[in-house]
Each structure stands twice: as C-alpha cells, then as structure tokens.
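Dear colleague,

I am passing on the structure we spoke about, and I would be glad if you could look it over alongside the notes below.

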Amino acid sequence: MLSSDADSVYWMSRYLERAGNIARFLDVNWHLTLDVPGEYTEQWKPLVITTGDQNDFKARYAEENEENVIYFLTADPNNPNSILSCLRMARQNAIRIRDIIPTEMWESLNILYHYVQDGCKRPKSILSDPNVFCSEVKWRNLTIGGIAAEIMANDESWRFFSMGKLLERADKTSRILDVKYYMLLPSLSHVGTTLDTVQWAALLKAVSGFQAFRHTYGRIVPELVAEFMILDHDFPRSILYCLTEAQHCLHDITGTRIGYFTNPAELQMGQICAGLSYHTIEEIFEQGLHEFIDDLQIRINVLGKAVFDTFFSRVPAIEQTQDN
Amino acid sequence: MDSVLNFDSYDTGPFYDEMFLGPGKPRPGTRLLMEKLRSLSQHELFARQAAAEKAFFDMGITFAVYGDEQGTEKIFPFDIVPRIIESNEWKMLEKGLKQRIFALNLFLNDIYHDQKIIKDKVVPKDIVETSAGYFPECHGLNPPLGVWSHITGTDLVRDEHGAFYVLEDNLRSPSGVSYVLANRQILKRTFPLAFSASRVRSVDNYPSMLLDMLYSIAPSTPNKPNVVLLTPGVFNSAYYEHSFLAQQTGITLVEGADLVVHEGYVHMRTTRGLFRVDVIYRRIGEDFLDPKVFRKDSLLGVPGIMEIYRQGRIALANAPGTGVADDKAVYSYVPSIIKYYLDEDPIIPNIPTYICREKDHLDHVLKNLDKLVVKAANESGGYGMLVGPASTKKERDEFAEKIRSDPRNYIAQPTIALSRCPVIVDDHFEGRHVDFRPYILYGQDIQVIPGGLTRVALKKGSLVVNSSQGGGSKDTWVLYE
C-alpha cells in the first residue's frame, strides 16, 4: 500500500484509540467522585498527568478542579490531546484514506466527530453530565473496532490500523498504571477500607479490566493489579498483550519471521517484547515499577519513530524498486 | 388531518416544464411519481427531505463553510423531486452525444498532428492557437486507442419548446458524477415504491464502466494494470468525488508526492518500496502535471511524467491537451467539426454563438448586451459571465469594456429560457430552471451512462445552476422503454 496511506491509517487508529481512552478514564473518575465525600479535587490532577500534558495545563489553567480538567480533556481545542482534537485528527486522517477504509467506518467516525464537535460547542452540557458524552465516544469507538474486525479485509491496511491501536493502548495503560499506582499506595490509612478497594477497582475500570481481573485473580491486591495490567496474557488491554499483538501485525506486514529483524521497526519491537515477555512482576518491582514504565514509554516512542522511518517516510523508498 | 403538498397552484409559466404538459397535467413518464407525491402528507414529505439531507451529512458529502472557525460543514443543496427523461428522448441524446464525442476526438488528434482541419480552413488557426486549453507540448502525442477525451461531461439545456442544445463540452476533467451516484442512492431510499414502479435505468454500473475503460488504455504489462487516480489533495473542492471513485473502483488514490519517475517508468511509493503505475486517471489540470514541461511552479504533479507518456509507458485519462476542444470559441465551430470529420449534421444542435473576435459579431454583441449571455471563453463554474436580461446598466458597461479589451476571450449567446422542474419551496412546489450533464466514457467504444447530473438554479428566476452560484442538484431518472 501507499506509504502515505499506511501513515494515515495508523494515525487515524491511534487518535481514535486515544480519544476512547480519555473518555474511559474520565468517565470512571467522574463516577468515582460521586462516591467520594466532600471536596476531592486531588482526584482530577492525575488525569492530566496521565495524558502527559500537565505543563500545557498549568500554563493555561489556575486550578486542577473538575470543571477545568474535564474541559481540558474533552472540549479544549488548544489541547492537542483533548477528545475534540483527537477526533479532528482522526477524521483528517480518515479523509485521506476514505477510499480504502470501509464506508461504515468512515460514516461512524464522521457521525462521532460531529457529535463531539456539537457537544464541545456547549461545554456546560458535558460538564453537567460527562457520562453521556463519554459513553457515546466509547461506544462509537467500539463500533469502529467492530467494523474493523468484521468488515475490513485482514490486509496491510488492517494491520497498520491494528498496530496503531495496540501501540497507543499499551502506552495509555502504562501511563494510567504509573500515575494511579503511586497515588493509591501511600494512603496506608485506607488499606483494606472500602474506599481503598473502590479506588483500585476504579483503576481497573479505567482500562475496562475490572471484570477480567475478578475472574482471574479474585481479591484486589495492588501487586496483582500491576501484574494484570502489565503482564496478563489474555486481557486485551494489558501492555504485554498489546505489544505482542502489535509485533504480530508488524511481522505480518513485512513477512519476516518473529525472532528476527530486517528493519528498525522490527528491531525496536523485538527488544521491547523480549524485555516484557521474559520478566516476572517481582523482577519489575525490584527494578522499580515507575522506572520500568518510564523506560517502556521511552522505548515505545523510539519504536514509533522506527515505524515512521521504515514505512511512512517517502524518501528512502527509492532504492528498493519492485517489479509488478 | 395533515395537509398535502399539492400541485394545484403550480404554475408552469412560459417555460418547458420537465414534469408537466400544462397546469395539472403530468407528462406520461412522471405520472407514477406524481401519484406518490400526492399521496404523501406534507409532514411525511418534509421528513423524507430531512432524512435525505441527514444521509448526505452523515456520509460526509459536505463542503466546509468558508471562514467558519468552528469548522461548520454543509451539504450541497439537494431537492428530492427527481427529474425524469423518457426513453425516446434519451435515445436521441445518447446518439447525439456519441456523435459529438467521436468527432471531437478526431479533432483533437488532428490538431495535435497534421492540422488538416486548419489547412482546409474549417477552423481558424488563431482560434486554436490562442486557446488556453491548447498545449503545443502535446504535438505528436499518440494516446492509446487514439482516444484523447476518455471522460466527458457535456452540459445540455432545453429551451421553452423542449428542444435540447449543447451548452458546453467539458473534456478536461469534468466533475459531478459522484453526485449522480449518491443522489440515486438517496432517492432509492426516499421513494422506493415510485422508483421501482417507474422502471428507472440503473446508473450504478458507472464505476465498473470507468474501471474497464481505464484498463483498456493500459500499456501492455504482464500483470493486472496498476491504475491510480491523481488528485490535487484533500483541499480540492472535488476531493470527495476523487476518493469516492477510487473507493468504488478499487484504484489507488494518489497525490503527486506519492508518485515518482524512476528508471523509465512512473512508480508509486509504497510501504514495500516503489511499485510501477500503468494508468493515471488524472484530476489535476495538465498545466500542473509536469513541472519539467508545463508550469514550473507546480507542486501537484510528477516531474518527468510527460516524457514517460510520450514513450507510451504510462496512460493518462484524459490525455493532456483536451481543453482546446472545450474552449468556448472553438465550441461555435463544433457543428462544422462534426460535418468535416463525419459528414453528418449534429444530432444535438449548438446554441447559436457570437464570437467577439469577429468584428461584425462584436458590434452585434455590444449593441445587444441586455439580451445576451456573455461568457469568458476560458472560464467555467459560472464565473466570468454576464446574464444580460438580469444585469444592471453598470454591469453591462463594465462588461463591454472587458470585451473590447480582449475580444478573443468572449463569446455571446441568446438567453435561453431554460426548462424548469418543480422543487419544494417552503410549503409548496415552484418551478426552477435546470440543466443536465450526462457523462460519456470513451475507451474501446463510447458509452453514455443512462442518467446524469441535473443541476437546478434554486434562486427564483435564476438561470445560473453552478453550485458555486447557489445551485443545487436533483436525481435524474432515465426510463426504460
């Protein structure tokens, strides 16, 4: 496929996934505040840290309260990672590949974009009930995922779509875990209390993993939550699961056997997956969870750049003429 | 009870009405549709119009409102009452269009080779050579199958007696066919029963016909030809159409930057390296096609592509240089062109045209500006045009000045009282002027898609149907015998 089309499919997918993730953890957090008595503004600060935009936020907003954080994450056109901005970018990419993605996918994305754009013209309606807004973003996103699974041919464009989605998801799961784990741990006075359990459950719900965790582990124990979110083999939003699947997509695109590399993307991907696959959670804690995740995020960024150099950059392609 | 939108007060006026023979008397082919419209309550009709508009919006068949920072988008105006063409009329049009396209292709081939028609003094040399669509760089080109204009969208109008005329030949890269298909898709949902009972010919085969035509002009290749559609990009006003046609035919939508000339062939840049391209359906003007040959400042094209084309290693549809045949001054010679190459009279006549470069024509035009429509020979889209009867004295004076300073660039025609179709206006029907653009494909043979784009001037009394000037569109039903 065209390098430029692969680029657009990949980024459309990443931006969609990013919008869905923001909607998911924003919604969970809002529900959580309903359970927490009194003023609890501390609850909103980690959300901004999770998206990695705390500097931008601090420069433009005075206080990390509910109203500001929700506006910043949903409707703020100047925040490149707000739901509005993500969907705008997803749609701009989709327009470029409207000829190759299923019509149903384009229409769903288009309808979602117009829904979000309309909602963001009246931010008060989002603030008064973020759940309605976030649910629509979440459900439409799931619909688009369903269309990808049910209608798209499992060809190169589908693999770039999947790879973009999986890399974005691995990154977001790692950020949510990183930020929330340390917010929750020090509250020793809460250990074993109802509030404590509710908060850990909320962390799992933010990655739609609460039910799956219950089935696998039963009781909520912080170390097990971390293990589940990083290393679980079956949960589709665990970091290891996402990266392993992304590696399959990558090698399906190139035709190289897993275990070998022929380009920078495969090299970076192989290093990340090998590091994750053959580690226990105990070893990760020994290294330090935060240090581990920090390192992982840097590696995912390097991988993103390698994917660009390998497939999307139009410049070096000229050396490898291929007859048709 | 809900009120019904009826035609009791519908006034056909002094015009040919596409739907009515006279007040209250529908034409035979429109009877079933009329019955359907009469059976619908006002509420239901409005609901169907709204559903059709929502479908266009959701499908993203929209344009961005200029200067709106919130990114508001609008659909192109669309009226759900279709325009109907009966089979006997269609047969005549089909024959006439084939005749015209056949002759114009012979003309193009002659102009870029021996110029016999100029030597025989049928078309003046300077008319050809001063046309903005004439490119000397195209001399000696031999497009596959000898066809230059593979895709044509000819504009037709009807006068108050119902006679069809050719208004304009569009042989460069006519747009609008995606709306023919989208309008049809929506209208089938809007009036399913009336549609099936009326026995309407299908237009859905257009993408297959287009693909066959594009394959038919491919240079020989051991594999399936690789066909691409070259677009100027997402900001082009016809971008939706480009992506729609690529999607429907499965060909790859590319921009100039996706293509490169390498080792004697045109290639596209893929995730696995360069991949050879055999056929380009180009939707960029030839002046932008190759900065080495045409406009040096073009960033939309592919440097070096013309040399590959000259060597026959890539096919282009339409061929570069076709614009000379749809120049509005050359237009006035088309009846002679048909006579010269085919020894036939034109089946669909031209509108009588005054060419301002001829002294006696110029004098007549300047004296009768209030009665004529004056057009710039090299413009389209309803720009650079004066509709005499609707103009002010000041506008006429300004236009007279323009004509005097560059007579070659202007032609004038009598104002045709275009035929009308009913459209929904608030709570009733009113007649509005329409034109018609059928689409013609030319590969192994010439095919006319049984349908086309009916454009309608939605402003009361207006004769300008272009979407840039307040025009909308309608579905067009060509009926079986």
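Predicted model: local features only at pLDDT ≥ 70, side-chain atom pairs only at ≥ 80, totals over all residues.

Residues are numbered from 1 along each chain as its sequence is written, chains are lettered from A and ligands numbered from 1 in the order in which they are written, and side-chain values use heavy atoms, with hydrogens and water left out.

Between the chains, 38 residues of chain B are in contact (heavy atoms within 4.5 Å) with 33 residues of chain A. Together they bury about 3100 Å², 44% of it on carbon and sulfur atoms, where buried area is the accessible area (1.4 Å probe) that two parts lose on being put together, summed over both. Arg269(B), Thr271(B) and Arg272(B) supply 21% of the area that chain B buries there, more than any other three residues. The rule finds three salt bridges across this interface, a salt bridge being a side-chain nitrogen of Lys or Arg within 4 Å of a carboxyl oxygen of Asp or Glu. Arg272(B) also forms a salt bridge with Glu156(A), at 3.7 Å from N to O.

Within chain B, the automatic or database domain assignment gives domain 1 (89–176 + 204–342) and domain 2 (354–414). Their centres, taken over C-alpha atoms, are 29 Å apart, and the contact takes 14 residues from domain 1 and twelve residues from domain 2. Three salt bridges are found across this domain interface, and Arg357(B) and Asp126(B) meet in a salt bridge at 2.6 Å, N to O.

Best wishes
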